Amino acid sequence: MPEIPQDSALLRMEVGGICGTDVKMYATPPSKAPVIMGHENIGYIAKVGREFTRRKGFKEGDLVFVEHYVTCGQCEWCHLGQYRHCESTDWRYNPDAIRYGYTSAEKAPHLWGGFAQYMYLPWNAVVHHVPKGVTPELAGLVTPMSNGVEWSLFDGGVGYNSSVLIQGPGQQGLSQTVVCKQAGASLIIVTGTSKDRARLEVAKALGADYVVDVQKEDALARIVEITGGKGVDVVLDCSAGAGTMPILLGIDALKRKGGTIVVQGEMAEFPNFPLAKMTLKFVTLKSARGHSYKACELALQQLASRRFPLEKITTHTFGLKDVDLAIKSVGGHGVPDVIHASLMPWK
Ligand SMILES: [Zn+2]
Ligand SMILES: [Zn+2]
């Protein structure tokens with residue numbers, strides 16, 4: 001157990017959410033260093049220095065959500081609450097960057113990940129109160145839900161009367177569905193493949209107006225039919241490992257002029273990208289990259305509202321000894337029918 005200086009705290013982990021990024025990093029680790037994975041972390045403040053409480057307002061026993069960015073606290077991005085863009089959190093380009101779940105456990109005081117019983121919180125950890133009535137397990141959805149707020153509302157501009165195509169009914173696509181519904185979207189279409197049958201049913205229960213199996217139906221023809229030939233205002237790509245297809249479909253499915261597509265693909269190459277079509281349709285293309293402080297706060301309020309049957313998403317929990325099975329199951333190779341899995345280290 002680490003020493004806790006006056007300006008730091010110790011988190012007793014309750015729930016570590018597991019997402020598609022874990023599946024990717026577990027299969028192909030970005031570095032050779034030993035890493036305690038787990039970047040979607042909920043727990044109780046177990047030990048806290050006086051300065052940490054004075055500066056940040058958290059005391060022992062508080063249930064909190066910790067963003068995975070450990071910030072510089074000085075740059076413009078940090079002052080904007082956009083810690084995802086701070087250079088101190090940019091593990092791809094900065095070898096000293098700290099992110100929970102990504103950082104070498106060789107770096108003192110070592111507890112930089114949520115798939116563990118305790119996690120270290122320095123003065124520059126980004127911590128949110130979990131509202132009363134939200135259980136740790138429900139709070140485990142805060143990351144996909146805050147991405148939902150960021151990508152659909154802030155990036156995609158979804159709001160009252162918007163028509164939206166959400167590609168991929170995993171935990172991320174389903175969270176987008178909830179957020180779009182709450183924001184007043186008048187039409188939500190969710191696409192998936194034949195193995196997603198159960199998830200597409202969940203999408204309907206959470207507010208999707210139509211679901212489309214892209215392996216059984218001509219998805220574009222169906223979207224054209226549903227929208228009366230108009231296309232949709234916004235496309236959110238939440239598919240995983242589907243290559244260039246969702247982006248090609250997304251650009252085609254957008255309305256005649258001025259639609260927005262938000263993508264999270266990290267393919268190194270995109271042969272024959274339809275740039276001319278995108279330009280002529282006056283499409284805005286945006287990149288989905290994590291979440292802001294504000295998006296997390298809105299997501300926590302969304303969870304507290306109890307307005308949607310979110311227990312349909314929080315399908316599985318695993319103990320620490322089953323972390324291998326848990327990550328594989330989220331990747332579709334293990335326990336079947338997992339949508340969102342929580343790692344509960346004391347289970
Ligand atoms: Zn994640
Ligand atoms: Zn910064």
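Colleague: At roughly what angle do the axes of α5 and helix α11 (residues 293-305) cross?
Modeller: In this predicted model, the axes of α5 and α11 come within 8 Å of each other. The crossing of α5 with α11 is right-handed. Its angle is roughly 115°.

Colleague: How many nonpolar residues does the contact of α5 with α11 have?
Modeller: On the α5 side the contact is made by Val142, Met145, Ser146, Val149, Glu150 and Phe154. On the α11 side, Lys294, Ala295, Cys296, Leu298, Ala299, Leu300, Gln302 and Leu303 take part. By class, 2 residues are polar and 2 are charged, and the number of nonpolar residues is 10.

Colleague: Are α5 and α6 parallel, perpendicular or oblique to each other?
Modeller: Helix α5 covers residues 142-155 and helix α6 covers residues 171-183, with axes 8 Å apart. They pack at an angle of about 60°. Angles from 65 to 115 degrees count as roughly perpendicular and those under 35 as roughly parallel. The two helices are therefore oblique.

Colleague: How many charged residues are there in the contact of α5 with α6?
Modeller: From α5, the residues that meet α6 include Pro144, Asn147, Trp151 and Leu153. Among their partners in α6 are Gln171, Ser175, Val178 and Cys180. By class, this contact has 9 nonpolar and 7 polar residues, and the count of charged residues is none.

Colleague: Is α5 largely enclosed by the rest of the structure or largely open, and how many of its residues are buried?
Modeller: A residue counts as buried under 20% relative accessible area. The buried residues of α5 include Val142, Met145, Glu150 and Asp155. The helix is largely enclosed by the rest of the structure, because the number of buried residues is 12 of the 14.

Colleague: Which residue with a positive phi follows α5?
Modeller: The phi in question is near 75°. The residue that follows α5 with this positive phi is Gly157.

Colleague: Which residues coordinate the zinc ion (ligand 1)?
Modeller: The donors follow the spacing C-x19-H-E along the chain. They lie at 2.0 to 2.2 Å from the zinc ion (ligand 1). The donor atoms are SG, NE2 and OE, which belong in turn to Cys19, His39 and Glu40.

Colleague: How many residues apart in sequence are the parts that Cys19 and His39 tie together?
Modeller: Both Cys19 and His39 are buried. Cys19 lies in the loop between β1 (9-18) and α1 (20-27), and His39 in the loop between α1 and β2 (40-48). The pair therefore ties together parts whose separation in residues is 20.

How values were computed. Residues numbered from 1 in each chain as written. Chains lettered and ligands numbered in written order. Predicted model: local features only at pLDDT ≥ 70, side-chain atom pairs only at ≥ 80, totals over all residues. Heavy atoms only, no water. Axes fitted to C-alpha atoms, helices over the stretch in contact; angles between N-to-C directions. Helix = DSSP H or I, 4+ residues; strand = E, 2+ residues; numbered from the N terminus. Parallel < 35°, antiparallel > 145°, perpendicular 65-115°, else oblique. Contact = heavy atoms within 4.5 Å. Nonpolar A, V, L, I, M, F, W, Y, C, P; charged D, E, K, R; others polar. Left-handed = near helix turned anticlockwise from the far one by under 90°. Buried < 20%, exposed > 50% of the residue type's maximum accessible area, 1.4 Å probe, protein only. Donors = N, O, S within 2.8 Å, 3.2 Å for Na, K, Ca; no water.
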